[in-house]
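Here is a friendly walk through a model of two chains. Have a look at the sequence and the structure first, and then read on.

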Number of protein chains: 2
Amino acid sequence: MNKEMRALGETVKQASFRLAATENEERNRLLLAIADALEAGKAEIFRANGEDIRAAEADGIAAQLIHRLKFDEKKLHDVTEGLRALAQMEDPIHRVLCRRELAEGLEMTQVSCPIGVIGVIFESRPDALVQIAGLCLKSGNAVLLKGGIEALRTNSVLYEIISGETARTGFPAEGWIALLKSREEVAEMLEMDDLIDLIIPRGSNAFVRYIMDHTRIPVLGHSSGICHLYLDRSADPAMAARLAVDAKTQYPAACNAAETLLVHGEAEEALLCACRALREAGVRLKADPAARDRLMEAGMEAEPLSEADYGTEYGDLVMNVHLVDSEDAAIEHINRYGSHHTDCIVTEDRAAAAHFFALVDSAGVYQNCSTRFADGYRYGFGAEVGISTGKIHARGPMGLDGLCSYKYILEGSGDCVADFAGGRRQFTHIDRRG
Amino acid sequence: MNKEMRALGETVKQASFRLAATENEERNRLLLAIADALEAGKAEIFRANGEDIRAAEADGIAAQLIHRLKFDEKKLHDVTEGLRALAQMEDPIHRVLCRRELAEGLEMTQVSCPIGVIGVIFESRPDALVQIAGLCLKSGNAVLLKGGIEALRTNSVLYEIISGETARTGFPAEGWIALLKSREEVAEMLEMDDLIDLIIPRGSNAFVRYIMDHTRIPVLGHSSGICHLYLDRSADPAMAARLAVDAKTQYPAACNAAETLLVHGEAEEALLCACRALREAGVRLKADPAARDRLMEAGMEAEPLSEADYGTEYGDLVMNVHLVDSEDAAIEHINRYGSHHTDCIVTEDRAAAAHFFALVDSAGVYQNCSTRFADGYRYGFGAEVGISTGKIHARGPMGLDGLCSYKYILEGSGDCVADFAGGRRQFTHIDRRG
């Protein structure tokens, strides 16, 4: 273990305790100061970003990645607006979740509090650094950040501005944010399970899987997004076509894009409408034998598929088409091959939708809307640190709530358990309202 | 991977989906039926338990373990009362946590739901099997149980009664409970991260640590309980003595028993009162040099201590005594050497208590009461499946709430993200009350 890295972890841990004790107003003031300082320092940010982009171009990095790397006036505007919106929000910590008299004179209060130290490993977008730092600061969490190496110059300037404002404004938790610069430091971070409370990796499936396998620290994230659109017997064909195109093509690389179209055998028209619209939108179809026959009869081509395709996240304009003979068969398929992210039923039948909601084991269960809505901004969470497909702690898009834990405060006046064990005192368990 | 074990996991997983869709009334009826059947089958339970105890005695197992193994009228009464109390409680699942209009005609509902399949590995007490099964059933979770090998006969009878009632009453989620019988099956269970959502190990620290290191499945539990009692400058000496004795001696083997007494250098009388009371209660004291000097002057003996003692869970009538020169030094000691379980300040000063509550990073932060109160029953949770010292998901004593997750339901009428991205529609994000 590198001593410097360990010392950095200790510094961030100590800062996390002081940060947890700060008032909402103090955190809001710093959020606003950072927003102002980012605007004031934009020339420096853009210059560093220009260098990152030129270096990436010289290295022959793909145009899509370079696009993500860009930090311009629009991105600056988005992140500073985001910070100012966070400063307007209610304090997610220090909230009373439950207040209860345990026994006469012995009061329990459950209050929300930060998780502590969060390690976030994110991909090439430097705007993510500001978003994540803002969410962590608002929720009172200290953070160790590691961005993509190709964005290091931009990230370093952003980090300097944030930590600079922390010092300049006399914020009582200096050291609450740290930027890691090398892959070796990430490996060391994964070993500091006594100092880091949660890891949030944002990147490819293989990367998230790797992180999960190499640390004892809890990891929140999604390793893949295999979302389904199921056209039920009573699906409206025009709606089915519209939703299939949106769910597949509006942003095919997103984790909430749909990969498989499941169709009830009796929803003939919905099948044909949806597949025709998908083909017109440039989507390659892969279909099971029964679906291929139906499509061929209607003059549409589809490639054969294998079972492995049901578990593949294409991230591209390719979609599986699979006929099922009942809603339960669709549900079973989703629970077996899906990634428990977001799945939608297209139906006019409320009972069928209720059955789908109850039995599909996914973070998002939708009726008659695109799977692409699964997102913290669209849910109104302000922003998200990530989307979780696990069911422990946070599920689905994770905003400020997902960055909070809680603690139990007990206030007594010398109360001993022996008195209760001996029958001399009794528990009352009276909930206090408000 | 053993094929039978895999098939069992699949069966439980499939049952978990049906169980998640059951109504509270269905689950309550089964809880009551199980309580009745346990009473009706008590002769068989006691006979099997008698065999377990005789076998344990023949194996020379310690008297304390044999005591825990015992399942008698009192235990039967406790567990059947527990099941009936669960049947009275509100449904922890199907609760609306948030309802929000995302946009006109697009409604989001966040509802609580079960986690899915829980793997619980518990120690020798067979009554724990019934408690855990009851909590899982009430919260709609399927469960794989593995008890101590020495309680296998009793556990098998209890399991047969529970699964027998599930079949007899036509409960719609047969297979929701399974009993593992060998250690090999536990190793296989730890590998089924696609079928099991959460592992709750209850046992020794080394055992919990082992489980955490050998599975990709999330694990909730506590690996150790190093709790502190801090006597602040303004501590009432008589109260300090009473609380020290209760926290250390009321049940020294419990994880919420205190291991270290921290004392402010100016709380001379509290130090002497507490240590005198501890010694009278048969507690061996280990003290730092300054504390030893003070105690010797007052005619009390104490052994020297080493730094390692601060991180030791004695589970016995031994306690560290450490002088600190400020409340902040006490807090730093607790955050460094403690296990984030439960820590108490004894003080008459409200500001000192508030400071302690804000800065001590533990699941329970107490003022003027014994650390021994950290327990699901005492908190009024009905029962607990365990105590978590982690900050992810559940913290502290874990009852029904800790066994729940949530999902987001979206109901629309053909809503596409492209309309919002294209500026043709706007999000409204209007929270619905109630």
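Predicted model: local features only at pLDDT ≥ 70, side-chain atom pairs only at ≥ 80, totals over all residues.

Residues are numbered from 1 along each chain as its sequence is written, while chains are lettered from A and ligands numbered from 1 in the order in which they are written.

**Chain A**

Chain A has 15 helices and 17 strands; these are DSSP runs numbered from the N terminus, helices being H or I of at least four residues and strands E of at least two. Of its 434 residues, 56% are buried, where buried means that 20 or more other C-beta atoms, placed from the backbone, lie within 10 Å of the residue's own. An automatic or database assignment sets the domain bounds, and the centres of domain 1 and domain 2 of chain A, taken over C-alpha atoms, are 36 Å apart.

| Domain of chain A | Residues |
|---|---|
| domain 1 | 3-221 + 396-407 |
| domain 2 | 227-373 |

**Where the chains meet**

Each side brings its share to the contact: 62 residues from chain A and 62 residues from chain B. Two residues are in contact if their C-beta atoms, placed from the backbone, lie within 7 Å. On the side of chain B, strand β16 (residues 404-415) gives the largest share, 11 residues.

How are the two copies related? A rotation of 180 degrees with 0.0 Å of shift along its axis superposes chain B on chain A, with an RMSD of 0.1 Å, and that is the relation of a two-fold axis. In chain B, the C-alpha nearest the axis belongs to H393(B), 1.8 Å from it. Because 100% of the interface residues of chain B are also interface residues in chain A, the copies meet through the same surface.

**A sheet across both chains**

An open sheet of 11 strands, with mixed pairing, runs in the order β10(A)-β9(A)-β11(A)-β8(A)-β7(A)-β12(A)-β13(A)-β16(B)-β2(B)-β1(B)-β17(B). Strands pair here if DSSP finds at least two bridges between them. Strand β13 (residues 364-369) of chain A runs parallel to β16(B), joined by five bridges, and G364(A) has Y408(B) as its bridge partner.

How values were computed:
Buried ≥ 20, exposed ≤ 12 C-beta atoms within 10 Å, placed from the backbone. Least-squares fit on C-alpha atoms with pLDDT ≥ 70 in both.
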